Amino acid sequence: MRVLVCIKRVPETGARITLRPDARALDTSLLGFTISPHEECAVEEALRLVEAHGGSTTVLTLGPDAAVEQLQNAMAMGIESAILLETDGDEWSAEATASSIVDAVRAQGEPFDLVLFGNEAADSGDYQVGVRVAHELGLPCVTGIKGIEVADGRLTARREAGGGWEIFEVALPTVVTVKEGINLPRYPSLPGRLRAKKTQIERLTPEPRGSGLELIRLVVPVEDETEVEVLGTGADAAPRVVTVLRELGLVAS
Amino acid sequence: MILCVVDADPLSLEALTFARRLGDDVEAIVFDGADVDGYVARAHRVGLDEYAPEAWAHAIIDLEPDVVVAAGTDRGHEVLAHAAARLGVALAANCVDASVDRDTLLLTRQRWGGSLLEEARLAGSPKLLPMAPHAGGAAPPGAPAEVEELEPSITDEHLRVRVVRREEPTAGAIRLDTARVVVGGGRGVGSKEGFEELEELADLLGGAVGGSRVVTNLGWRPHADQVGQTGARIAPELYIACGVSGAIQHIVGCKAARRILAINKDRNAPIVQRADWAVIGDLHEIVPAIVAELKRAS
């Protein structure tokens, strides 16, 4: 089966978030970048499915030229080919991102059997690009998935719900958005890194489109100041901890 | 009309409260037979056998609302994303606040799991607003609602994605996201076996055990136990954080906790700065001592 994985390049935020002076984006000048966590699991899942069932894997991202780094990381894990939808680096809306992905998918000669996304990107948390792509392609979409099995042209997907699981079944081709926990992603291999560097990346330049959601500014939330009370040091603090637990009504007094 | 999507998830009550802050003309569309008495005067009940996101979206669109509010859950986001895709309108996920400004809405939504906020303007109609989890309290009920049975014209196409079966949670298991007490462990716990002490403390307090992302990535705990941006958002009365440093990705998962007790070797760890109470030292001495003290006291 032919599997496409869509990923996003996101900054690795440190202990606190710093904004650009115009408050429209993060100041990333001192930050490294990574594949958004849910999407890294989507890459791993694509590899496992193709290892089990045969087929091909392609990774796609929409972002600046620097996002080649994330495409190469995915290829170093084992993905065969990569597509960059190149932008000038500004953030694109979910609608524009989805339409551009749809155009790129249609431009590929052969259709994909499975298109994987992360459930939501770590930075924007938009929760919708996969669903929009599925609608435009006329495909079903299951989201928030932490387990996939494929057999006889059908896909069974598991989603955590209320401490248990709800199970969906759809026919291929389909779109699936996955969550961290579906697997533990492998590390890129050295031969994989070398191969990734040599692999030609397909580049497309999509046109930006407007959105009904217009960013005004970003705000780092003010944390509630809590005055921490140190109950003590080491095991000797246990009686005071139990007093606190009792005051909170968490143990019978 | 402001329409609020309600199902059996308790976060639906937060969505109803949020919807009522936006205006007076609030109605509910009710799935899973949830009870909305006191929150709205008018409700539309949809009888569907199983969860099917496109069918839910279709039923919502059929009512031609101006604004739709849904809970900060997988379902709330998924259903409104389908509605947005079908109607070709924007969707403002993870909303924490909104107010009407003529034809647009001014809103605040969470990014980075809540460690960053975005102020934005939402145009178009309907305006689709899934909330961030734990973004507002639930108001007390008032008068009973007038309930109308709704029969949307659901087709097979709307049901192509639906829950075909479910696996129920283990009987008696305490859920991380609804537990009154959560005992969380981080890298400082040191090993899979190290969590046995945390389990014992959680058992004595009737709570659940959670872990940081490091802990689930190392395989010390299953991923379902992760507290954080890529795991569970918890809201207990007390979160006891043992050997957790407090990276922002973890903090966004536990910031809805009413109180935090940090047990940590490092007095300057970020989690200690965020805590109400702290005990400084080796958690493998402190946690067993608390367990012993609790047993002696009972």
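Tutor: We will go through the chains, then their contact, then some local details.

Student: What should I know before starting?

Tutor: This is a predicted model, where local features need pLDDT of at least 70, side-chain atom pairs count only at pLDDT 80 or more, and totals for chains, interfaces and linings use all residues. Residues are numbered from 1 along each chain as its sequence is written, while chains are lettered from A and ligands numbered from 1 in the order in which they are written.

Student: OK, chain B. How many helices and strands?

Tutor: Chain B has 8 helices and 15 strands. Helices (H or I, at least four residues) and strands (E, at least two) are DSSP runs, numbered from the N terminus.

Student: What share of chain B is buried?

Tutor: Buried residues are 58% of its 298 residues. A residue is buried if 20 or more other C-beta atoms lie within 10 Å of its own, exposed if 12 or fewer, and partly exposed in between, with C-beta atoms placed from the backbone.

Student: And which domains does chain B have?

Tutor: Domain 1 covers 2-159 and domain 2 covers 181-297. Those bounds come from an automatic or database domain assignment. The C-alpha centres of the two domains of chain B lie 34 Å apart.

Student: How many residues are in contact between them?

Tutor: 5 residues of domain 1 of chain B are in contact with 8 residues of domain 2 of chain B. The domain 1 side of that contact has 1 nonpolar, 4 polar and no charged residues. Contact means that the C-beta atoms of two residues, placed from the backbone, lie within 7 Å. Ala, Val, Leu, Ile, Met, Phe, Trp, Tyr, Cys and Pro count as nonpolar, Asp, Glu, Lys and Arg as charged, and the others, Gly among them, as polar.

Student: Now chain A. What is it made of?

Tutor: Chain A has 6 helices and 14 strands. Its C-alpha trace spans about 70 × 50 × 40 Å along the principal axes. Of its 253 residues, 46% are buried.

Student: Let's take helix 3 of chain A. What span should it have?

Tutor: It should span 20 Å, from 14 residues (94-107) at 1.5 Å a residue, and its end C-alpha atoms are 20 Å apart, which agrees. The expected span is 1.5 Å times one less than the number of residues.

Student: What do its buried residues pack against?

Tutor: They pack against strand 1 (2-7), strand 4 (56-63), strand 5 (81-86) and helix 4 (129-137) of chain A. The buried residues include Ala94(A), Ile101(A) and Val105(A).

Student: How many residues does each chain put into the contact between A and B?

Tutor: Chain B puts in 72 residues and chain A 66. Helix 3 of chain B gives the most on the chain B side, with 8 residues. By class, that side has 37 nonpolar, 14 polar and 21 charged residues.

Student: New topic. Where are the cis peptide bonds?

Tutor: One runs from Leu172(A) to Pro173(A), with omega near 0°. Pro173(A) is in the loop between strand 10 and strand 11 (174-178) of chain A. Another runs from Ser125(B) to Pro126(B), with omega near -5°.

Student: What about the phi of Asp152(A)?

Tutor: Asp152(A) has a positive phi of about 50°, though it is not a glycine. Most residues other than glycine have a negative phi.

Student: Is Asp152(A) buried or exposed?

Tutor: Asp152(A) is exposed, with 6 other C-beta atoms within 10 Å. His134(B) also has a positive phi, about 55°. His134(B) is partly exposed, with 18 other C-beta atoms within 10 Å.
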